[in-house]
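Please walk me through this structure in short steps. Start with the pocket, then turn to the helix and the salt bridges.

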Amino acid sequence: MAAALKNVIVVGGSYVGMATTKELASILPATHRILLVEPHSHFHHLFAFPRFAVLPSHEHKAFIPYTSTFSSVQSPVQHAVVTARVESLRADSILLDREWQGSREIPFDYLVVASGTKLQAPGSMTEDDKLSSVRYFQAYQKRITNAKSVIIVGGGAVGVQMATDAKELYPEKDVTLVHSRQKLMPLYHEQLDRIIKDRCEELGVNLVLGSRVVMPAGGIGADQTSIELQNGTKLSADVIVPAVGQTPNTQFLSGLAPSSQDSLVNPANGFIRVKPTLQLADPKYPNIFAVGDVADSGAHKAARPGGAQAAVLARNLVAMIEGKEPSENIVVSPPAIHLSLGLTKNLVFRNPNPAEGQTEPMIKHRDDGKRDMGIEGVWERRGINVTDPAQYHL
């Protein structure tokens with residue numbers, strides 16, 4: 001009788017979770033299977049959310065079926081996507097919010113937390129199914145279309161992209177971007193701030209900088225039409241868009257007993273403490289890893305560094321399966337971003353790397369953007385070659 005497959009669970013099916021799944025599937029021994037646990041019915045292409053919140057007719061393309069997750073793997077049938085939410089993580093099992101194959105509990109030999117972070121809608125969706133999310137975007141687009149004025153709170157990538165898209169799409173509307181600091185996207189070299197401000201001036205986006213919004217307890221409400229800043233300034237608009245703050249998805253960690261106070265989560269930021277090998281920093285749990293945005297790794301929160309981390313993690317995990325000590329450490333590179341600044345204009349920006357003697361950032365200006373942000377290529381990378389527009393509704 002064949003031995004039962006050992007479980008390697010990946011919690012979270014967004015960009016880094018999918019990258020981790022792909023890396024593991026390419027090198028795991030046949031004795032192990034991957035279970036990708038994800039509550040959403042479809043992969044959420046978050047990078048398109050700011051665009052599709054204001055631009056009609058493409059919103060259904062942002063949700064891609066998980067059906068081809070393991071299509072490129074040599075033995076895809078042994079792996080599975082588990083459509084469920086992890087309620088609790090234990091030392092050797094997870095507890096789900098619904099049954100899978102007759103049980104809510106799944107044991108594991110190794111587990112990877114790739115649960116990422118959550119933004120207030122429209123940066124993240126509140127529902128798990130595709131239809132509800134598509135309808136949400138359609139309703140949001142109508143609100144933007146009908147509004148004469150729009151305030152976007154938050155000068156990070158989501159806020160900048162949404163403000164420039166909205167103003168280019170609707171030049172007659174009054175679009176205001178509010179940010180708590182004088183510098184936009186402060187993680188990056190000051191040249192990016194200047195580029196964004198120049199673009200906002202070119203389009204006519206109003207900037208209100210240097211004072212934080214007095215945030216209501218539950219965040220900015222869907223029907224809220226006014227905000228107050230800490231400096232006493234009051235602003236009003238027909239639509240106010242929240243684009244600030246990331247909340248780490250770590251609520252299910254409560255089932256793990258830490259070996260010491262704060263050994264699992266950094267109290268300063270809420271992210272999971274990890275070693276350079278991406279194992280949990282708590283020595284009680286060497287078989288549990290965290291990767292991507294949810295990990296307190298020192299890397300900036302983005303898909304590209306998360307993908308590099310996934311490759312390191314996969315090799316360390318397989319080393320443990322082979323009875324070796326995980327020895328490969330992640331390399332933390334300077335922050336970089338591919339940022340849209342309107343419907344076609346975009347740029348690639350990377351901070352200088354002092355370790356390589358760089359003092360100036362790398363900047364590549366481009367004017368090749370598509371209204372649907374090249375979504376066909378995203379579907380292809382998820383294993384689905386779109387030959388008929390009807391496939392975007394899958």
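Helices here are DSSP runs of H or I with at least four residues, numbered from the N terminus. The model is a predicted one.

Take the second largest pocket. Its volume is about 170 Å³. Helix H3 (130-146) and strand S16 (239-242) are the elements that give two or more residues to its lining. Of the elements, H3 gives the most, with four residues. The lining includes Tyr-136, Ala-139, Tyr-140 and Arg-143. Ile-240 and Pro-242 are also among the lining residues, as are Gln-120 and Ala-121. By class, the lining residues split into eight nonpolar, two polar and one charged.

Now move to helix H5, which covers residues 190-203. The expected span takes one less than the number of residues.

Which residues of H5 are buried? They are Gln-191, Leu-192, Asp-193, Ile-195, Ile-196, Arg-199, Cys-200 and Leu-203. Their cover includes helix H4 (157-169) and strand S13 (206-209). Strands S21 (336-340), S22 (346-350) and S23 (362-366) are also among the covering elements.

Arg-199 forms a salt bridge with Glu-168, with the closest N and O atoms 3.3 Å apart. Arg-199 sits in H5 and Glu-168 in H4, so this pair ties together parts 31 residues apart in sequence. Glu-168, at 27% relative accessibility, counts as partly exposed.

Arg-199 also forms a salt bridge with Glu-202, where the closest N and O atoms are 3.2 Å apart. These two residues are three apart in H5, so about one helical turn separates them. Glu-202 is exposed, with a relative accessible area of 54%.

The structure holds 15 salt bridges. Another one joins the side chains of Arg-85 and Asp-128, at 3.0 Å from N to O. This pair links distant parts of the chain, 43 residues apart. Arg-85 lies in the loop between strands S5 (80-82) and S6 (86-89). Asp-128 lies in the loop between strand S10 (117-118) and H3. At 33% relative accessibility, Arg-85 counts as partly exposed. Arg-85 and Asp-128 belong to a network of salt bridges that also links Asp-97 and Arg-98.

Terms used
Residues numbered from 1 in each chain as written. Predicted model: local features only at pLDDT ≥ 70, side-chain atom pairs only at ≥ 80, totals over all residues. Heavy atoms only, no water. Expected span 1.5 Å × (residues − 1). Buried < 20%, exposed > 50% of the residue type's maximum accessible area, 1.4 Å probe, protein only. Contact = heavy atoms within 4.5 Å. 1 Å grid on protein atoms, 1.4 Å probe; cavity = no way out; pocket = protein on both sides within 12 Å on 5 of 7 lines; lining within 4 Å. Points joined across faces, edges and corners; volume = space filled by probe spheres on them. Nonpolar A, V, L, I, M, F, W, Y, C, P; charged D, E, K, R; others polar. Salt bridge = Lys/Arg side-chain N within 4 Å of Asp/Glu carboxyl O.
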